[in-house]
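Subject: Handing over a structure

Dear colleague,

I am passing on the structure below, and after it you will find some notes on what was found in it. Please keep the structure open while you read.

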Amino acid sequence: MEESVEPIRKLMDRYYHFWFGVNALYDEWARWKGLTVNSLFTLFQLYESEGGCTQQQIADKLQQHKQTVSALLDKMEERGYICRLTRENDRRSKRVTLTEEGRALAGSLRENLSSVEVDVLGNMTPLERAGLVDGSERFLFLLRERYQKEKDRAAAEKSPQNH
């Protein structure tokens with residue numbers, strides 16, 4: 001039996017409120033530290049990677065376009081947080097690494113934010129924590145799958161053989 005649409009819409013309204021609220025808090029925290037949320041998580045990714053990352057790896061992690069990440073990295077380089085190293089085996093691909101200043105900043109910020117997150121998640125039961133992440137991951141998977149179907153359908157409708 002198909003579930004009524006109205007309860008799902010109300011649930012999605014709650015989800016949007018949650019999602020925008022979480023995003024706003026991380027954004028505000030990053031701005032408080034003089035960063036954007038994308039530059040904050042780029043610092044974290046570089047801090048946690050051995051030997052740096054490529055621009056594409058950062059784009060994949062942030063789920064952003066490579067051009068958006070390039071502009072972000074330009075600003076971070078101007079501030080002295082990162083440097084780009086040309087790779088010997090592929091001159092078109094650059095390795096992005098933290099400078100000493102960037103590493104110190106990333107470590108401090110990571111420790112600070114992590115302590116907040118651990119404290120907050122520590123106030124949830126293990127089942128609540130797992131439900132939060134497991135449900136969110138499942139929702140993202142299904143949403144991506146459905147979105148791809150929509151894109152495929154739209155492409156098929158635009159296809160010359162359908163006209």
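Which residues does tryptophan 29 touch, not counting residues up to four places away in sequence? They are Leu40, Leu109, Asn112 and Leu113, where contact means heavy atoms within 4.5 Å.

Before going further, please note that this is a predicted model, in which local features need pLDDT of at least 70 and side-chain atom pairs count only at pLDDT 80 or more, while totals for chains, interfaces and linings use all residues. Residues are numbered from 1 along each chain as its sequence is written, and side-chain values use heavy atoms, with hydrogens and water left out.

To return to tryptophan 29, this residue is placed in helix H1, helices being DSSP runs of H or I with at least four residues, numbered from the N terminus. Tryptophan 29 is buried, with a relative accessible area of 13%; buried means under 20%, exposed over 50% and partly exposed in between, with a 1.4 Å probe and protein chains only.

Next come the aromatic rings. The structure holds six aromatic pairs, and a pair here means rings of Phe, Tyr and Trp (its six-membered ring) with centres within 6.5 Å, counted as stacked if the planes are under 30 degrees apart, as edge-to-face if over 60 and as tilted for the rest. In one of them, the rings of tyrosine 15 and phenylalanine 18 have centres 6.0 Å apart and planes at 45°, so this pair is tilted. Both residues lie in helix H1, three residues apart, which is about one turn of the helix. Tyrosine 15 is partly exposed at a relative accessible area of 25%, and phenylalanine 18 is partly exposed at 37%. The rings of tyrosine 26 and phenylalanine 41 also form a tilted pair, with centres 5.9 Å apart and planes at 50°. Because tyrosine 26 lies in helix H1 and phenylalanine 41 in helix H2, this pair ties together parts that are 15 residues apart in sequence. One aromatic cluster is formed by Tyr15, Phe18 and Phe139.

Charges over rings come next: lysine 33 lies over the face of tryptophan 32, at 3.9 Å from the ring centre, and the charged end of arginine 110 sits over the ring of phenylalanine 44, 4.7 Å from its centre. The rule is that NZ of Lys or CZ of Arg is within 6 Å of the ring centre and within 35 degrees of the ring normal.

Finally, please look at glutamine 63, which has a positive phi of about 55° although it is not a glycine. Glutamine 63 lies in the loop between H3 and helix H4 (66–78), and is exposed, with a relative accessible area of 54%.

How values were computed
Helix = DSSP H or I, 4+ residues; strand = E, 2+ residues; numbered from the N terminus.
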